[in-house]
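Me: Hey, can you help me get my head around this structure? I've got a few quick questions.

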Amino acid sequence: MLGIIRQKAFGQRIRPAVSAWRGYSSAAKEMTVREALNSALDEEMSADPKVFLMGEEVGEYQGAYKISKGLLDKYGPERVLDTPITEAGFTGIGVGAAYHGLKPVIEFMTFNFSMQAIDHIINSAAKSNYMSAGQISVPIVFRGPNGAAAGVGAQHSHCYAAWYASCPGLKVLAPYSSEDARGLLKAAIRDPDPVVFLENELLYGETFPVSAEVLDSSFCLPIGKAKIEKEGKDVTITAFSKMVGYALKAAEILAKEGISAEVINLRSIRPLDRNTINASVRKTNRLVTVEEGFPQHGVGAEICASVVEESFGYLDAPVERIAGADVPMPYAANLERLAVPQVEDIVRAAKRACYRSV
């Protein structure tokens with residue numbers, strides 16, 4: 001209903017939030033995650049004048065992580081807005097703009113700082129559509145780096161996937177590859193609901209192959225659909241963001257030892273693709289969940305609950321959960337490494353799952 005209202009109000013057709021899913025075509029080039037995010041923002045701002053970017057240092061400085069490089073020169077200061085260091089202030093302004101039909105993209109220098117604006121994200125954005133009986137839409141994207149970086153301490157290294165995914169009214173996305181970053185950010189900007197878009201600082205400079213299809217301006221990934229990065233038959237490994245890369249490395253090691261691991265890139269934390277996860281577990285009969293966040297009430301805990309509810313009879317071994325340590329992130333490099341999952345942790349967990357039985 002709200003989409004119809006918006007079309008009438010602005011006299012423009014709103015593009016669908018997802019495109020039809022098609023398989024990979026041959027890789028056309030390589031692209032960093034930073035370039036993928038920048039190109040997605042550029043194309044969506046070009047296609048829809050209601051889209052604008054706001055946050056600290058997104059304009060004159062070209063973005064703290066150079067995600068918004070070149071956008072100020074192209075679109076001007078009315079659509080690329082530098083703000084003071086006041087997350088509560090510019091997030092509230094963004095939510096108000098979304099109430100009036102604009103499509104703000106709010107950048108946090110780190111999602112740890114989004115705690116300053118959590119009232120606007122949860123109470124003002126996430127709940128408005130429900131509390132207004134569908135009369136108010138909040139088409140806004142909250143994006144920025146999430147999770148552990150390197151040597152930045154407890155106040156800059158927390159993963160907020162489970163926090164925001166627990167809140168009705170929000171959609172929560174966590175890209176891994178350049179394809180994920182480009183296709184999911186486009187989907188987030190086009191979506192009529194508030195979307196929390198969790199990037200990873202350590203992935204910005206990572207390069208991934210992308211196909212000609214991914215580079216097309218119409219490319220868009222479906223929200224709520226996971227991707228099987230590697231098929232396998234012995235154990236299912238679920239992961240998101242940077243941990244997908246770790247899971248794939250673990251799968252390579254396991255393959256040398258005769259264990260075939262299926263790696264699922266969740267992509268979407270809320271909605272969660274329970275169907276893909278459960279279908280995989282029913283095939284492999286074993287499950288390892290991987291995340292950087294705290295173990296209690298985490299994304300892995302939710303996945304475990306879903307599998308127990310829907311596929312318990314298929315499990316041949318207890319579920320293994322790999323998560324960050326249940327402590328604030330240490331600053332010292334040696335302790336920091338111990339506090340976040342490593343490839344060897346995933347390998348050991350997969351072996352336990354394969355060599356144990358219920």
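Me: Which residue does Asp234 form a salt bridge with?
Reply: Asp234 forms one with Lys233, and their closest N and O atoms are 3.5 Å apart. Keep in mind that this is a predicted model.

Me: Is Lys233 buried or exposed? And what about Asp234, buried or exposed?
Reply: Lys233 counts as exposed, because its relative accessibility is 55% and the cut-off for exposed is over 50%. Asp234 has a relative accessible area of 18%, so it falls under the 20% cut-off and is buried.

Me: OK, and how many salt bridges does the count come to?
Reply: The count comes to 23 by the rule used here. One of them joins the side chains of Glu44 and Lys186, at 2.9 Å from N to O. Glu44 lies in helix H2 and Lys186 in helix H8, so this pair ties together parts that are 142 residues apart in sequence.

Me: What other residues are linked in a network with Glu44 and Lys186?
Reply: Glu43, Arg182 and Arg190 are linked with them in a network of salt bridges.

Me: Is Glu44 buried or exposed? And Lys186, buried or exposed?
Reply: Glu44 is buried at 1% relative accessibility, and Lys186 is buried at 0%.

Me: Switching topic: which domains does the assignment give?
Reply: Domain 1 is 29–215 and domain 2 is 227–354. The contact between them takes 30 residues from domain 1 and 26 residues from domain 2. Together they bury about 2,100 Å², with 59% of it on carbon and sulfur atoms.

Me: How many salt bridges does the rule find across that interface?
Reply: The rule finds two across the interface of domain 1 and domain 2. On the domain 1 side, the elements giving two or more residues are helix H7, strand E6 and H8.

Me: Last one, about Thr91. Where is it?
Reply: Thr91 is in helix H4, residues 87–99, and it is buried with a relative accessible area of 0%. A polar atom of its side chain lies 2.7 Å from the backbone oxygen of Glu87. Leaving aside neighbours within four places in sequence, the residues in contact with Thr91 include Ile106, Phe108 and Phe142.

How values were computed. Residues numbered from 1 in each chain as written. Predicted model: local features only at pLDDT ≥ 70, side-chain atom pairs only at ≥ 80, totals over all residues. Heavy atoms only, no water. Domains from an automatic or database assignment. Contact = heavy atoms within 4.5 Å. Buried area = accessible area lost by both parts, 1.4 Å probe. Salt bridge = Lys/Arg side-chain N within 4 Å of Asp/Glu carboxyl O. Helix = DSSP H or I, 4+ residues; strand = E, 2+ residues; numbered from the N terminus. Buried < 20%, exposed > 50% of the residue type's maximum accessible area, 1.4 Å probe, protein only. Polar contact = N/O pair within 3.5 Å; in protein donor to acceptor, adjacent residues only side chain to side chain.
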